[in-house]
Amino acid sequence: MVKAQQHRWIGLLLWGLITALGGVVLARMELTRQREAFETDARIVHRLLSQRVVQHDAVMATLALLQPAPNASQPEQRLTSLYPQILSVQRRDSGANWPDERLRVAETLSRALRRPALAGVDFARGRYQLVLAAEPTSFALQMDLRAVVPWSEWPMAPETSPVRVMLAHEGQDWVVQPGRLGEGGWLFDFHKHLAADSQPFDVVASRQVGWRELPWAWMLTWAALVAAVLAGWLAWLRQRAARRRAEELLRLGQVARLNTLGELAAGMAHELNQPLTALLANTQACTRLLDEEPPDLPVVRGAMAQAVEQARRASSVVNRLRRAVERPDLAAQLQPVELQQAVQNALYLLEPEFKRREVVPRLELPAAPVAVRADPVALEQIIHNLLMNALQALEQVPVNERQLTVTVQAGGTQGSITVTDTGPGMTEAVLARIFEPFFTTREAGLGLGLSLCDTLATGMGGILKAAQHAPRGAEFRLLLPLAQGAAEGQP
């Protein structure tokens, strides 16, 4: 019973541990996959936007190179139809002024840097201006950020993608794609400058993976698989334990049958020797009386002689039977045995019997092991018989009143095992004959179990006692000599 509970707890612990480890591995794999997909999309976004801003530099460089004549029809205005992101094109011919001071400052900076320069950034409206200084004509482009984004090549669905994409510049942010950011979970970030120095915007991407996005289906499948494997393992352990229990019970039963046969032979010898001896004595007396008779009765004397011979032969047969089945000398097999372990072994073997009778044994064991000198098999057989007797007695009372207690103690030079039950108990008349061979209170009993236990206990130098248990039930106490080392340690 204890081992079965231990196996169940170990199984639950292993299931929890393996399931947790597997869940962590699956979660990390999913998070790695999500991160890789996020970084791939973010790099694509950066590349696409970088291509667009580089394209703007190329457009302005082309305008500066072509230098349309001042009085021409201003062909640069056609750029708005070719490039949707260009909202307007402004020019400043030689000797003219810009209508906006910011354009003048940007032209000065562009002339110093020899590349286009930002004239103004208004992320609130999604606009910015780009100026390129050239001779004799300088140009300014007003850009629409929304149109700058190449949506046809965009790697994500802007309306449903959980990734947030923004352009950042000097504290201003323009949301390219809103995404979904909440609380909790894991946050992925991507931050990188665009490839054009003239438009020094930063691409900022964020992705939050919530708990709901973890691979719960795979994790539950893994948990079920682990549970199935561990259930199979526990079933195999139970089968193995049941097989070992059956083998141990078979071995104990074989020893019990041999000991019972020895007890039976001893009882038969005891019961038959007395009448056979009386028959022998009476027959010899008759022979002597017949010899004193005047009549000569050789036939009678011959018959009586044959009777004497048959009686002697019967006595010899009984003695030979007793010697043939006589139990071995237990004193030669005594060794240190721990009482706690012997009790645990017996309870393990009888676990199905306890379950069938709905009895939960209560153990009262000392903290320190109690070792006695005993024959292990004989000790197990005594404990087995005492527990079985207690279980059979408990069958006669209601389930809610069934209690069985096993107590192990050490005192002086002896160790003891006490088995107490709350069965119907025994009368004084039964107590007086409880250890007699062939005495039983059960209809189907042989009356040899307790007699055998008493004989085995005596053979090991111990004592088996029986008493009534208050307020109801029976108590059997086995006393055995402590092993030498244990006895020396007693006060």
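User: Which residues does Gly 179 touch, not counting residues up to four places away in sequence?

Analyst: Contact means heavy atoms within 4.5 Å. By that rule Gly 179 touches Ser 161, Pro 162, Val 163 and Arg 164. Gly 179 and Pro 162 are 17 residues apart in sequence, yet 4.2 Å apart in space, C-alpha to C-alpha. This is a predicted model, where local features need pLDDT of at least 70, side-chain atom pairs count only at pLDDT 80 or more, and totals for chains, interfaces and linings use all residues. Residues are numbered from 1 along each chain as its sequence is written, and side-chain values use heavy atoms, with hydrogens and water left out.

User: Where is the place of Gly 179?

Analyst: Helices (H or I, at least four residues) and strands (E, at least two) are DSSP runs, numbered from the N terminus. Gly 179 lies in the loop between strand S6 (172-177) and strand S7 (186-193).

User: What order do the strands of the open sheet have?

Analyst: Two strands pair if DSSP finds at least two bridges between them. Here four strands form an open sheet in the order S1-S4-S3-S2, with antiparallel pairing. Strand S1 (86-92) and strand S2 (117-122) are the edge strands, each pairing on one side only. S1 is joined to strand S4 (residues 138-144) by six bridges, and Arg 92 stands opposite Ser 138 in S4.

User: Is Leu 17 buried, partly exposed or exposed?

Analyst: Buried means under 20% relative accessible area, exposed over 50%, and partly exposed in between (1.4 Å probe, protein chains only). Leu 17 is partly exposed because its relative accessible area is 49%. Leu 17 belongs to helix H1.
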